[in-house]
Amino acid sequence: ELEEGSNLLLQAYEISTRARGPEHEGTLLNGSNLAETYRRMGKLDEAWTLGKEIVDRMNQHLGPTHRYTLSATCMTANVLMDQKLPERAEPILRDGLARAITAFGTSHSLATKYRRDLAKCLDALGKSEEAQQLRDQIAK
C-alpha cells in the first residue's frame with residue numbers, strides 16, 4: 001500500500017518538477033509528501049536526503065516561516081529521531097518551534113506539533129523535566 005503510494009508520489013514529484021520547476025510550491029509539497037512516505041516506509045536514508053533537499057529549497061523559495069517549510073522541517077527532525085539521533089533533531093525542533101510561534105502564535109497546530117515532538121526528543125536525551133514543561137504548555 002505505501003509502496004504503491006510512494007511510486008505515485010514519485011511520479012507526481014517528477015512531473016511537477018518538469019512542468020512547474022523545482023522551486024514551485026506544489027513541487028516542493030509533492031517532494032515533502034514523498035519524503036514523509038519514505039519515512040513511514042522505514043526508508044530513512046531516502047527520507048532524510050530528499051527531506052533535507054526539500055527543506056533547503058523551501059527555506060530559500062517559500063521562506064522559513066511558511067507552513068510547508070515548517071511542516072517539512074518537523075518531518076526531517078522526525079527522520080533523525082527515527083534514526084535514533086535525538087541530539088541532531090533537538091536544535092532543528094527548537095528552531096522550528098520558535099519559528100512556528102513567531103509566524104502563527106503559541107496555540108497554532110504547528111506550534112503544538114513542535115512541542116510534542118520536541119518533548120519526545122528531550123525525553124530521549126534524558127531531559128525529562130523540560131519535556132514535561134512542554135507537555136504542560138500543550139495541556140493549557
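A salt bridge here is a side-chain nitrogen of Lys or Arg within 4 Å of a carboxyl oxygen of Asp or Glu, and the side chains of Glu90 and Arg94 meet that description with an N to O distance of 2.8 Å. The model is a predicted one, and a search of the whole structure finds 12 salt bridges. The points below take up the nonpolar core and then several of these charged pairs.

**Nonpolar core**
- The largest nonpolar core has 34 residues, and those with the most contacts inside it are Leu50, Ala89, Leu93 and Tyr114.
- At least two residues of this core come from each of α2 (25-41), α3 (44-61), α4 (67-82), α5 (86-104), α6 (109-124) and α7 (128-139), with α4 giving the largest share, 9 residues.
- Once its neighbours within four places in sequence are set aside, Leu50 is in contact with Tyr13, Gly31, Leu34, Ala35 and Tyr38.

**Salt bridges within helices**
- In helix α5, Glu90 and Arg94 lie 4 residues apart, about one turn of the helix; Glu90 counts as buried at 10% relative accessibility, whereas Arg94 is partly exposed at 32%.
- In helix α3, Asp56 forms a salt bridge with Lys52, their closest N and O atoms being 2.8 Å apart, and the two residues are separated by about one helical turn because they are 4 residues apart.
- Asp56 is partly exposed, with a relative accessible area of 40%, and Lys52 also counts as partly exposed, at 35%.
- Asp117 forms a salt bridge with Lys113, the closest N and O atoms again being 2.8 Å apart; Asp117 is buried, with a relative accessible area of 5%, while Lys113 is partly exposed at 38%.

Terms used
Residues are numbered from 1 along each chain as its sequence is written. This is a predicted model: local features need pLDDT of at least 70, side-chain atom pairs count only at pLDDT 80 or more; totals for chains, interfaces and linings use all residues. Side-chain values use heavy atoms; hydrogens and water are left out. A nonpolar core is a set of buried Ala, Val, Leu, Ile, Met, Phe, Trp, Tyr and Cys residues joined through side-chain atoms within 4.5 Å. Buried means under 20% relative accessible area, exposed over 50%, partly exposed in between (1.4 Å probe, protein chains only). Contact means heavy atoms within 4.5 Å.
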